[in-house]
Amino acid sequence: MRGIETYEGLPADEIRLATRHSFQNVVQLCISEKVAFLLIAGDLFDGKWLDMNTGLWMVGQFHQLEAAGIRVFLIRGNHDAASEVQSALRWPSNVREFSVEKAESFHDPDLGIAIHGRGYATPAVMDDLAVTYPSAIPNCFNIGMLHTSLTGDPEHDPYAPTNVDVLLSKGYDYWALGHIHHRRTLKDEPFIGYSGNTQGRHIREAGAKGCLLVEIRDGTLADTEFRA
């Protein structure tokens with residue numbers, strides 16, 4: 001954002017705060033829809049950004065979700081692994097950050113869900129992390145969270161490469177993928193896809209941005225709706 005003040009009439013402050021506003025929209029959507037939890041599949045922070053105020057602001061957003069009884073599940077992506085800001089933060093009690101050392105599972109029998117995830121320990125992960133994920137837990141809706149390039153993308157680094165067959169082998173009902181900034185559905189049943197980022201980061205990331213609002217009913221995926 002350096003130099004944007006040199007363009008007369010450009011709303012510099014609005015542009016600088018666009019990523020914050022977009023996340024605020026997600027938080028308010030979670031609260032208004034009374035969701036059970038929010039999934040963040042990596043790259044919550046930019047690894048090069050060193051302003052602690054950004055981290056403290058994010059903690060404040062999570063506290064809003066905590067007050068509404070909404071849990072947050074997140075994994076670290078390649079940018080998070082390089083972030084000094086995230087390493088210095090202490091999350092509220094409603095936030096569960098999955099390990100960067102091994103795949104972990106969170107099982108809630110009351111909700112009938114199991115969430116599996118693993119974050120990045122280093123900025124460049126070249127191993128297939130998906131193969132280390134556990135098999136689905138019986139009699140519940142299984143969700144996998146993974147920050148991955150899958151088989152490759154020309155605009156993104158080839159991190160945590162894997163393929164759809166590996167994901168299917170785990171028997172999960174839903175895969176929430178991160179890393180690719182464009183919304184993309186690879187498979188409808190079981191659902192495998194990217195929500196994309198909530199705010200375009202440069203001129204090539206045009207179009208509507210937002211998140212996916214997911215409804216699970218009677219242990220099955222009832223609806224997946226994009227919300228800008």
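Three strands form an open sheet in the order β1-β2-β3, and their pairing is parallel; two strands count as paired if DSSP finds at least two bridges between them. Strands (E, at least two residues) and helices (H or I, at least four residues) are DSSP runs, numbered from the N terminus. This is a predicted model, in which local features need pLDDT of at least 70 and side-chain atom pairs count only at pLDDT 80 or more, while totals for chains, interfaces and linings use all residues. Residues are numbered from 1 along each chain as its sequence is written, and side-chain values use heavy atoms, with hydrogens and water left out.

**The parallel sheet**

- The edge strands of this sheet are β1 and β3, each of which pairs on one side only.
- The twist averages 15 degrees from one strand to the next; axes are lines fitted to C-alpha atoms, for helices over the stretch in contact, and angles run from 0 to 180 degrees between N-to-C directions.
- Strands β2 and β3 run parallel and are joined by 3 bridges, with V72 standing opposite V95 in β3.
- Helix α3 packs on the sheet and touches β1, β2 and β3. The direction of α3 makes about 135 degrees with that of β2.

**Helix α3**

- Helix α3 comprises 16 residues (residues 52-67), which should span 22 Å at 1.5 Å a residue; its end C-alpha atoms are 23 Å apart, which agrees. The expected span is 1.5 Å times one less than the number of residues.
- At the start of α3, a side-chain oxygen of D51 comes to within 2.9 Å of the backbone nitrogen of N53.
- After α3 comes G69, with a positive phi near 75 degrees.
- The buried residues of α3 are T54, G55, W57, M58, V59, Q61, F62 and L65. Buried means under 20% relative accessible area, exposed over 50% and partly exposed in between (1.4 Å probe, protein chains only).
- These buried residues pack against α2 (18-33), β1 (37-40), β2 (71-74), α5 (84-87) and β3 (95-97); contact means heavy atoms within 4.5 Å.
- Q61 lies in helix α3 and is buried, with a relative accessible area of 5%. Leaving aside residues up to four places away in sequence, Q61 touches F23, Q24 and V27.

**Helix α2**

- Helix α2 has 16 residues and reaches 22 Å from its first C-alpha to its last, close to the 22 Å expected at 1.5 Å a residue.
- The buried residues of α2 are A18, S22, F23, V26, V27, L29 and C30.
- Those buried residues pack against α1 (12-16), β1, α3, β10 (211-217) and β11 (220-227).
- Just after α2, K34 adopts a positive phi of about 55 degrees.
- An α-helix has 3.6 residues a turn, so residues three or four places apart point the same way.

**The mixed sheet**

- A further open sheet contains 6 strands in the order β4-β5-β6-β7-β9-β8, with mixed pairing.
- Strands β4 (104-108) and β8 (184-187) stand at the edges, each with a single partner strand, so one side of each has no neighbour in the sheet.
- In this sheet the twist averages 20 degrees from one strand to the next.
- β4 and β5 (residues 113-117) pair in the antiparallel sense over 5 bridges. In β5, A114 is the bridge partner of H107, and I115 stands opposite F106.
- These two strands, β4 and β5, form a hairpin with 4 residues between them, and G112 in the turn has a positive phi of about 75 degrees.
- β7 (residues 174-178) and β9 pair in the parallel sense over 4 bridges, with W175 opposite I192 in β9.
- β8 and β9 run antiparallel, joined by 3 bridges, and R184 stands opposite Y194 in β9. The hairpin that β8 and β9 form has 3 residues between the strands.
- From β9 (residues 191-194), F191 and G193 point one way and I192 and Y194 the other way, and all are buried.

**Cysteines**

- A search of the whole structure finds 0 disulfides, a disulfide being a pair of cysteine sulfur atoms within 2.5 Å.
- C211 is in no disulfide, and the nearest cysteine sulfur, that of C30, is 6.6 Å away.
- C211 counts as buried at 15% relative accessibility.
- C140 is buried, with a relative accessible area of 14%.

Conventions
Polar contact = N/O pair within 3.5 Å; in protein donor to acceptor, adjacent residues only side chain to side chain.
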